[in-house]
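Here is a short briefing to read alongside the sequence and the 3D view. Keep the viewer open and follow the topics one by one.

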Amino acid sequence: MSEPTTSRRLADHTTTGVGGAARNWVRAETEAQAVQAITAADAAGEALFVLGGGSNTLMADAGFDGTVVQMAFTGIEVLSGDADAGAEGTAVVVRIAAGHVWDDAVAWSVQHELAGIEALSGIPGSAGATPVQNVGAYGADISQVLRSVRALDRESGQVVELGAEDLRFGYRDSIIKRSMTAGGAPSPRWIVLSIDLELLRAAHGAEATAPVRYGQLAKALDVEEGTHAPLATVRENVLALRGSKGMVSDPADRDTWSTGSYFTNPIVPASVRARLPEGAPAFGVGHAEDGTELVKLSAAWLIDHAGFKKGFGLPDVVPGEGEVDGRGADGRGLAGGRASLSTKHTLAITNRGDASTEDILTIARTVRDGVKERFGVELHAEPMIIGTSL
Ligand SMILES: Cc1cc2nc3c(=O)[nH]c(=O)nc-3n(C[C@H](O)[C@H](O)[C@H](O)COP(=O)(O)OP(=O)(O)OC[C@H]3O[C@@H](n4cnc5c(N)ncnc54)[C@H](O)[C@@H]3O)c2cc1C
């Protein structure tokens, strides 16, 4: 979460460090302030953007002609169970305020020996944004522990409670996200005010109760996949693995000036997999409504094998050669080394210094088009792109 600042530039509040200014800016330090500001913007017919930690947002360079409400209220409340004592496996339900830094909440759970979210260590951003795209990593996702959310329903103006099943979670998806992407709105119908998680007390000081569900993590922990490991060790290892890939926000490391994975892993009919070269990773993910077998491909593999290696960037336009008003021949501008793929991971598009949103998108378009041309597979952006498009 960005520190309090009077800046209205999204570049100062997002992990990629790009994006123009908002016309109005409200930093909501309490839930009541957030509800008031959102309701007032909606009543005035103002465009609204709700911001958490800015780690999954790409705002247009032109900025936002409306009100940005920054969710800055924090807090963790134990709703049932005892956070400090109890038998192994006992449920403890906690309510986390929307503006609480997600990783602080994970650290809190590990300190209290409560299992369930330790594999989600190091994901930047706010707790309130975690259900929006059903954040996940290392075989875990928030849908596995989320009981419900309290949210402001902008359609009715009421604060409502939505259970996990109401949120219709999918891979990096939920009904909250779909309420934006389906209608092209900059903010969802439901604004999350707090999330309720059901965590389980781990054996005292010993084994976590959440199974390790990811091969690479199991290997780092030296345990069998599907078995357990001490909570603090899981957290430490996840943070180290993420750090090695530039997937923990660190202002000193340009490889982390990103939105994390820029593209989701494409889910395609199994027949598409059959056309890909041998060695292309694919995981069965069930069937479409019409019975077609579906597989999930690795976006990182596709990008790498389409020729976009770690650190891939685009040069500046040579003046006079195809330059159109200082932009590339296609009129979109070239990134000029200001943006590139992370040098640690092909999935992240990073700001190397003074990149604009358009620079980031230029890299994204080049990669997306290159993968489509090479493999015939469409990549889709994971972050929310506001006021411009890929
Ligand atoms: C280095 C790095 C690594 C990452 N790794 C992962 C990862 O492993 N797994 C993963 O899933 N994601 C990952 N991400 C993406 C990102 O951290 C998550 O999506 C995170 O949940 C976004 O939180 P935020 O508060 O920063 O959201 P923001 O960028 O502030 O907002 C994202 C979207 O959610 C909406 N939103 C924000 N708060 C609310 C709210 N309270 N109610 C309703 N809508 C809201 C916004 O309007 C916007 O549309 C990574 C990002 C970075 C920079």
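Let's begin on the surface: at 53% relative accessibility, above the 50% cut-off, R168 counts as exposed. Please keep in mind that this is a predicted model.

**Two residues with positive phi**

- R168 is found in the loop that links strand 11 (158-163) with helix 3 (175-181).
- Its backbone deserves a look too: phi of R168 is near 40 degrees, which is a positive value in a residue other than glycine.
- E113 also has a positive phi without being a glycine, with a value near 55 degrees.
- To find E113, go to the loop between helix 2 (102-111) and strand 7 (114-115).

- Is R150 buried or exposed? R150 counts as buried because its relative accessibility is 18%, and the cut-off for buried is under 20%.
- R150 sits in strand 10 (residues 146-153).
- The side chain of R150 makes a polar contact of 2.7 Å with the side chain of E31.
- A polar contact of 2.8 Å also joins the side chain of R150 to that of S194.
- T15 lies in the segment that comes before strand 1 (22-28).
- With a relative accessibility of 18%, T15 counts as buried.

**Strand 6 and its partners**

- Strand 6 (residues 91-97) is mostly covered, with five of its seven residues buried.
- Strand 5 (residues 76-80) runs antiparallel to strand 6, and four bridges join the two.
- Within this pairing, S80 stands opposite V93 of strand 6.
- How many bridges join strand 6 to strand 12? There are seven, and these two strands also run antiparallel.
- On the strand 12 side, E198 stands opposite V93.
- Taken together, V93 of strand 6 faces S80 and E198 of strand 12.

**The ligand and its shell**

- The ligand is surrounded by 37 residues, and the closest of them are V50, G52, G53, S55 and S126.
- By class, this shell holds 18 nonpolar, 16 polar and three charged residues.
- Domain 1 (10-71) and domain 2 (76-244) each give at least three residues to the shell.
- G53 places a backbone N or O atom 2.7 Å from an oxygen atom of the ligand.
- In the side chain of Q133, an N or O atom is 2.9 Å from an oxygen atom of the ligand.
- The side chain of R242 has an N or O atom 2.7 Å from a nitrogen atom of the ligand.
- How much of the ligand does the protein cover? On its own the ligand has 970 Å² of accessible area, and the protein covers 97% of that.
- Which elements give two or more residues to the shell around the ligand? They are strand 2 (48-51), strand 8 (136-137) and strand 12 (190-201).

Note on methods: Residues are numbered from 1 along each chain as its sequence is written. This is a predicted model: local features need pLDDT of at least 70, side-chain atom pairs count only at pLDDT 80 or more; totals for chains, interfaces and linings use all residues. Side-chain values use heavy atoms; hydrogens and water are left out. A residue is near a molecule or strand if one of its heavy atoms lies within 4 Å of it. A polar contact is a pair of N or O atoms within 3.5 Å; within protein, one must be able to donate a hydrogen and the other to accept it, and residues adjacent in sequence count only if both atoms are side-chain atoms. Accessible areas come from the Shrake-Rupley method with a 1.4 Å probe; for residues, only the protein chains shown count as cover. Ala, Val, Leu, Ile, Met, Phe, Trp, Tyr, Cys and Pro count as nonpolar, Asp, Glu, Lys and Arg as charged, and the others, Gly among them, as polar. Domain bounds come from an automatic or database domain assignment. Buried means under 20% relative accessible area, exposed over 50%, partly exposed in between (1.4 Å probe, protein chains only). Two strands pair if DSSP finds at least two bridges between them.
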